[in-house]
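Let's take a walk through this model together, starting with its strands and ending with its pockets. Keep the structure open as you read.

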Amino acid sequence: MTHVNYSGLPSSPYYERAKKYMPNGGCGVVSFELSGGRPMAEVFMKHLKLAAIETHVADARTCCLNPATSTHRQMNDEELIAAGVPAGMIRMSCGLEDKEDLIADLSQALDACAAAR
C-alpha cells in the first residue's frame with residue numbers, strides 16, 4: 001500500500017477541518033492506493049469476500065470500488081494520473097459489519113496481493 005486518504009488521520013491535509021466539522025468522529029469513507037496499479041487492484045478486489053463491489057457509497061454494507069476498472073475504466077493510466085485517480089486506488093465505504101470482520105476481509109485481500117507479487 002502506498003498511502004491512505006482519510007480525513008480522520010493526523011497526516012491528512014483535511015484533519016483539522018474534519019475535527020471542526022465532525023467533532024464526534026468522521027465518516028466511514030476511505031481510499032488507499034495499492035502499489036502495482038490496476039493489476040494489483042484487480043487482485044485485491046477479486047479476493048474481497050465481505051465487501052460488496054459497488055459504485056455507490058450510500059449503503060448499510062461495506063462497498064469497495066477500484067475506479068480504474070469501473071467508473072474510470074475508459075481512461076488509460078496517464079489519463080488517470082492527470083485526473084488524480086491512481087490506477088491502484090481503492091475507494092471503500094465502511095458499512096455496519098463488525099469491524100473485526102472488515103479488518104479480516106481487508107487483511108486477507110492484501111495478503112493475496114502480497115502473494116501475487
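Strands E2 and E5 run antiparallel to each other and pair over five bridges. Here, two strands count as paired if DSSP finds at least two bridges between them, and the elements themselves are DSSP runs numbered from the N terminus: helices (H or I) of at least four residues, and strands (E) of at least two. Across this pairing, Val 30 sits opposite Met 92 in E5. E5 also pairs with E4, again in the antiparallel sense, over three bridges; there, Leu 65 faces Arg 91 in E5. Strand E5 covers residues 89–93, and four of its five residues are buried. Buried means under 20% relative accessible area, while over 50% is exposed and anything in between is partly exposed, using a 1.4 Å probe and protein chains only.

A quick note on what you're looking at: this is a predicted model, where local features need pLDDT of at least 70 and side-chain atom pairs count only at pLDDT 80 or more, though totals for chains, interfaces and linings use all residues. Residues are numbered from 1 along each chain as its sequence is written, and side-chain values use heavy atoms, with hydrogens and water left out.

Now find Asn 66, in the loop between strand E4 (63–65) and helix H3 (77–82). Asn 66 is buried, with a relative accessible area of 1%. What does Asn 66 touch, leaving aside its neighbours within four places in sequence? Its contacts (heavy atoms within 4.5 Å) are Ala 41, Met 45, Ala 87, Gly 88, Met 89 and Ile 90. Its side chain also comes to 2.7 Å from the backbone oxygen of Met 89, and one of its side-chain polar atoms is 3.1 Å from the backbone oxygen of Ala 87.

On to the pockets. A pocket is an open set of points on a 1 Å grid over the protein atoms alone, where a 1.4 Å probe fits, with protein on both sides within 12 Å along at least five of seven lines; lining residues have an atom within 4 Å of a point. The largest pocket holds about 260 Å³ of space. Of its 15 lining residues, Asn 5, Tyr 6, Ser 7, Ser 12 and Tyr 14 are the closest to its centre. E2 supplies the largest share of that lining, three residues. The second largest pocket has a volume of about 180 Å³, and E2 gives the most to its lining too, with three residues. Among the residues lining this second pocket are Met 1, Leu 9, Val 30 and Cys 94.

Definitions and conventions: Points joined across faces, edges and corners; volume = space filled by probe spheres on them. Polar contact = N/O pair within 3.5 Å; in protein donor to acceptor, adjacent residues only side chain to side chain.
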